[in-house]
Amino acid sequence: MRKVVKDLNNIPASLVSKEAIDSLQNIIDTKDNSLIKSDIYRGKYLKTDGSKGDEVVEKLAEIYHGKCAYCEERTLIYIEHYRPKGNVQGSRHGGYYWLCYEWSNLLPACHECNKIGGSKGTQFPVSNKHLTHADCLTNNQKINPVKVKAAYLNSKEAPFLLHPEIDEPKEFLAFEIDANKNGVSIIGIDGIGGRGDKAIGICNLNRQPLLLNRLDYINNYVNTEIKKIFAKLSKGSISKEMFREEMKELFQKLDSHKTDEKRTFTLLRWFVMESADNFHKLAISNLPRNEQEVALAFFKAYKNGTL
Ligand SMILES: [Zn+2]
């Protein structure tokens, strides 16, 4: 998960259409979740060539670069209601039906993060109290446009699940090589049972395929590249000066990748390059001790601008 900027004033037309407004009023009047229309929150429309499109899905895919808001894998996008529209697991709350078409409540998620059973589903634990429809109204009983925004609701409810458009995931999440060496796991860093831990648990962010895919990035884009440069030096096919140049070029490449949001696992890419300690633990801990020391010294020099 990484911080994402979404323009809350640039709302897909389908979410503010007359059909959406009428549908929402009907849902609110009846409190009937079954009246929620996926065609509206997906933004179904007819393209000029006669084929069908999903405006909201397309817009979220553009903003999130086709990646899941939670796990950061590239995915077929499902519309995820951050606050569940149907019901809230483990609570008598009937679901946030009045937020079913609310732009700040819609995130792109993959099936694996979003599914019921083992992943988010209808989970939405909060530190305070789940708010109701009545909590989001003006004095004359109309929807208060500020009180339906995720930022306002989060400030009141203090949910455990991180919201990538509100929270800074770097403050809650880190990575480590799994103890069994089966992959790279994500860990919470704001205390046991904190929001990091809870968000990981809610979305099942340490499922085996994710552990392996994160490790695949480390192995293929970082560790293997470093090993190749060391191998060239030990074979004598490059000089010490060329070795220094190649290490520097690799670090520069990794630095450019960490801000390239089109790539998967942006937060992991950032994390590996953030500090010598992170780089050491994640990228080079399987190298021979002397190579670890050299690579670490070069990394520190790179970070200091002296490489
Ligand atoms: Zn996902």
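The lining of the largest cavity divides into 9 nonpolar residues, no polar residues and 2 charged residues, where Ala, Val, Leu, Ile, Met, Phe, Trp, Tyr, Cys and Pro count as nonpolar, Asp, Glu, Lys and Arg as charged, and the others, Gly among them, as polar. The structure is a predicted model, for which local features need pLDDT of at least 70 and side-chain atom pairs count only at pLDDT 80 or more, while totals for chains, interfaces and linings use all residues. Residues are numbered from 1 along each chain as its sequence is written, and side-chain values use heavy atoms, with hydrogens and water left out.

On a 1 Å grid over the protein atoms alone, a cavity is a set of points where a 1.4 Å probe fits but cannot get out, whereas a pocket is an open set with protein on both sides within 12 Å along at least five of seven lines, and lining residues have an atom within 4 Å of a point. Grid points are joined across faces, edges and corners, and a volume is the space filled by probe spheres set on the points. By this rule the count comes to 1 cavity of 30 Å³ or more, and the volume of the largest cavity is about 60 Å³. The residues that line the largest cavity are M1, Y70, C71, E72, F175, I186, L205, R214, F265, L267 and L268. At least three residues of this lining come from each of domain 1 (13-167) and domain 2 (209-304), the bounds being those of an automatic or database domain assignment.

The centres of domain 1 and domain 2, taken over C-alpha atoms, are separated by 39 Å. Their contact (heavy atoms within 4.5 Å) takes 6 residues from domain 1 and 9 residues from domain 2. The two domains bury about 720 Å² between them, 45% of it on carbon and sulfur atoms, buried area being the accessible area (1.4 Å probe) that two parts lose on being put together, summed over both. Of the area that domain 1 buries against domain 2, H65, E72 and E73 supply 60%, more than any other three residues. Between domain 1 and domain 2 the count is 0 salt bridges, a salt bridge being a side-chain nitrogen of Lys or Arg within 4 Å of a carboxyl oxygen of Asp or Glu, although a search of the whole structure finds 19.

Among the open spaces, the largest pocket has a volume of about 400 Å³. Of the 18 residues that line the largest pocket, L15, V16, L24, Y101 and E102 are the closest to its centre, and the lining comprises 15 nonpolar, 1 polar and 2 charged residues. The second largest pocket holds about 290 Å³ of space. Of its 15 lining residues, E80, K85, N114, I116 and G121 are the closest to the centre. The elements that give two or more residues to this lining are β3 (78-81) and α4 (111-114), helices (H or I, at least four residues) and strands (E, at least two) being DSSP runs numbered from the N terminus. β3 gives the most to the lining of the second largest pocket, with 4 residues, and by class this lining has 5 nonpolar, 6 polar and 4 charged residues.
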